[in-house]
Amino acid sequence: MKKIYNDIPFTLTDTQVLAHLKLSEDFLEDIRDMIDNTKKTAKPKGVIVEVEIERVDEKTTIVGGKKIVSKVVAANLEGREKAYAYVATCGREADKLMQETVDPVEKLWQAEINQYLLMQARLYMMRKLQEEENLSVLSSLNPGSNPDWPITEQVNLFSMIGDVKEDIGVTLTESFLMMPIKSSSGIWFEAKDDHYTNCSICLRKNCQGRRAPFDQQRYDKIFGAGM
């Protein structure tokens with residue numbers, strides 16, 4: 001199963017953008033043209049591929065025919081027969097708007113608007129997957145989210161999916177970052193009663209982007225007590 005979404009629907013109201021940018025209504029006139037141009041131009045995109053899973057040992061898993069050496073991946077995919085590799089993006093159209101913006105503040109605003117588009121695209125894809133495959137809660141594993149599954153594994157993930165550039169226009173740089181920069185990649189799997197988030201095993205303290213508290217019990221289960 002492979003699903004390609006080349007024009008994901010999104011909403012971009014004045015209220016939504018101001019809230020996302022954490023700006024007051026005093027800035028509305030400054031960003032209204034940016035909002036209008038984005039609504040006319042942007043085409044968020046995404047691709048999902050169903051991949052088969054074969055666990056080898058406590059740190060090695062064959063996913064979509066690719067060998068992944070990661071305790072985090074092995075622990076979360078244990079007992080599962082399939083998962084879903086994906087890439088989502090704000091799209092090259094919105095990225096071009098950001099690249100062509102000269103004013104540094106406006107460039108930052110456009111980047112954040114593109115991030116908002118990416119969030120909507122990812123959520124849309126997740127909900128469609130849940131509906132069409134009759135799945136409950138989904139968790140996500142993402143290359144580069146922790147040292148155990150480094151960002152270099154983007155190559156394996158992209159190989160599982162196929163020609164991501166042809167499908168939705170996303171490419172990898174030499175440093176394994178995605179272009180457009182407001183893109184997201186990973187493996188979705190059905191969490192059932194044990195929802196996983198990358199933050200739960202992240203040792204970084206005082207992280208502004210933390211979405212879940214550190215879970216020592218989960219960390220010890222994956223990496224061993226005393227690590």
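1. Let me start with Lys 82, which has a relative accessible area of 39% and is therefore partly exposed. A reminder before going further: this is a predicted model. The side chain of Lys 82 meets that of Glu 50 in a salt bridge, at 4.0 Å from N to O. The two partners come from distant parts of the chain, 32 residues apart, with Glu 50 in strand S2 and Lys 82 in strand S5. Glu 50 is partly exposed too, at a relative accessible area of 29%.

2. Arg 55 belongs to strand S2, while Glu 78 sits in the loop between H3 and S5; 23 residues separate them, and the pair links distant parts of the chain. Glu 78 is partly exposed at 47% relative accessibility, and Arg 55 falls in the partly exposed class at 35%. The structure holds 9 salt bridges.

3. Stepping back to the whole chain, the protein has 8 helices and 9 strands. Of its 227 residues, 45% count as buried. Among contacts with a separation of 6 or more, 71% are between residues 24 or more positions apart. The exposed surface comes to about 12300 Å², and carbon and sulfur atoms supply 48% of that area.

4. Now for the interior. Nonpolar side chains tend to be buried together in soluble globular proteins. In this model the largest nonpolar core has 24 residues, and the members touching the most others are Leu 77, Val 87, Met 160 and Ile 187. At least two residues of this core come from each of strands S2 (45–57), S5 (82–89) and S9 (183–190), and likewise from each of helices H3 (71–77), H6 (154–161) and H7 (164–168).

5. Which residues does Leu 77 contact, leaving aside its neighbours within four places in sequence? They are Ile 53, Val 63, Ala 83, Leu 141 and Phe 189. There is also a second, separate core of 16 residues, with Leu 23, Ile 31, Ile 35 and Cys 90 among them.

6. Helix H5 (residues 104–133) deserves a point of its own. With 30 residues at 1.5 Å a residue, H5 should span 44 Å, and this agrees with the 43 Å between its end C-alpha atoms. At the start of the helix, a side-chain oxygen of Asp 103 comes to within 3.0 Å of the backbone nitrogen of Val 105. Just after the other end, Asn 134 adopts a positive phi of about 55°.

7. Lys 128 and Glu 132 are the partners, with 3.7 Å between their closest N and O atoms. Why are they separated by about one helical turn? Because they lie 4 residues apart in helix H5. An α-helix has 3.6 residues a turn, so residues three or four places apart point the same way. Lys 128 is partly exposed at 24% relative accessibility, and Glu 132 counts as partly exposed at 39%.

Note on methods: Residues numbered from 1 in each chain as written. Predicted model: local features only at pLDDT ≥ 70, side-chain atom pairs only at ≥ 80, totals over all residues. Heavy atoms only, no water. Buried < 20%, exposed > 50% of the residue type's maximum accessible area, 1.4 Å probe, protein only. Contact = heavy atoms within 4.5 Å. Areas by Shrake-Rupley, 256 points an atom, 1.4 Å probe, with all protein chains shown as cover. Core = buried A, V, L, I, M, F, W, Y, C linked by side-chain atoms within 4.5 Å. Expected span 1.5 Å × (residues − 1). Polar contact = N/O pair within 3.5 Å; in protein donor to acceptor, adjacent residues only side chain to side chain.
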